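Please read them alongside the sequence and the coordinates.

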Amino acid sequence: MALSLCMFVSPSHATDLRLSVGDASGAASSNGPLVAFWVFGVLALVGAVATISRRSLVSASLWLVFTLICTAGLYLVLHATFLAAMQVLVYAGAVMVLFLFVVMIVGPEERTRIRFPRDALPKVLGIVALGVIVERLIRAAVIARTTQPDLVADNFGTVRSVGKLLFQDYLFAFEAVSVLLLVAIVAAVMVTRSATEIETRKAEDS
Amino acid sequence: MVPTHHVLVLAAVLFGLGLLGVVVRRNLLIILMSIELMLNAVNLTIIGFARARSDIEGQGLALFVIALAAAEAAVGLAIVVALFRTRRSVNVDEANLLRR
């Protein structure tokens, strides 16, 4: 089922080459990726708004999982198949499970409300600032628009090509990231040691 | 065929929503989730450009961003657990011992 979904949302590369040569009749078929992109895009936006606005921690976590899966769908449309799989496995899978474990520790009830400033001035300034940031980003995006055809190689975004990149050109970075993950694990264990645990260790060692 | 500026606009709005979540919400876990949202928006931008330039290196960078986000989430969540253990709350407004 996932494979058929892939074939729906990411145009086959042979179709891309045909379109670039000037196939003028394919209006509906050439819009498939754009429609799929915006379907996933609107779902991701809905999920993002829901994530930041839920009062319950469990609801926010699950909405974030939904948003991350929609983002994986977006990656699929953009010819990043390996990355879409990694997003679902690592981000929506491992990282969000970690979040849910900590939500279990902290407790599912959110005891504080979403706090907006009482006075009007901070509110207005905040909204204006956010609007300026997003508007700058959107303006830069629109300036960068081009009408290039969607020409990608047959093996663009596959496991083989990304793997070749990781293990040949960026091998050092790859190994460094694995060391980084080890450091993160050690740091997480260290930070969560309780005071009694440290005392027991000291007593044992001496 | 998805025009690149569509990708960039969507990523910009997602980034803005994540930023809104970080600034407005007072619960540390929601703040961490909003940070993950921002990282995803950045990843979307990177992949959009990688597709526009037919450059596979962008996807390698995005993969490293995912790995780093996982490491950062692990350490951030450990800090949340440690904070909860001492203060019994994950509200950032209540973590103000260093404030004068």
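**Notes on the nonpolar patch and the chain**

1. The element that gives the most to the nonpolar patch is H3(A), with five residues. Helix H3 (27-53) and helix H4 (57-77) of chain A each supply at least two residues of this patch, which lies on the surface and is formed by A:Val35, A:Val39, A:Val42, A:Leu43, A:Val46, A:Trp63 and A:Phe66. Together these residues have about 550 Å² of accessible area.

2. Because its relative accessibility is 44%, A:Val46 counts as partly exposed, a class that lies between buried, under 20%, and exposed, over 50%.

3. Please keep in mind that this is a predicted model. The pLDDT of chain A averages 80, and 77% of the residues score at least 70, whereas over residues 1-28 of chain A the pLDDT stays under 50. For residues 1-28, the model has 22 contacts beyond four places in sequence.

4. As to the overall architecture, chain A has nine helices and zero strands, and from the N terminus on its elements run α-α-α-α-α-α-α-α-α. Of the contacts in chain A with a separation of 6 or more, 66% are between residues 24 or more positions apart.

5. On burial and surface, 33% of the 206 residues of chain A count as buried. The chain exposes about 12700 Å², of which carbon and sulfur atoms supply 70%.

Conventions:
Residues numbered from 1 in each chain as written. Chains lettered and ligands numbered in written order. Predicted model: local features only at pLDDT ≥ 70, side-chain atom pairs only at ≥ 80, totals over all residues. Heavy atoms only, no water. Patch = residues over 30% accessible without salt bridge, like charges linked within 9 Å, V, L, I, M, F, W, Y side chains within 5 Å. Areas by Shrake-Rupley, 256 points an atom, 1.4 Å probe, with all protein chains shown as cover. Salt bridge = Lys/Arg side-chain N within 4 Å of Asp/Glu carboxyl O. Helix = DSSP H or I, 4+ residues; strand = E, 2+ residues; numbered from the N terminus. Buried < 20%, exposed > 50% of the residue type's maximum accessible area, 1.4 Å probe, protein only. pLDDT = per-residue confidence, 0-100. Contact = heavy atoms within 4.5 Å.
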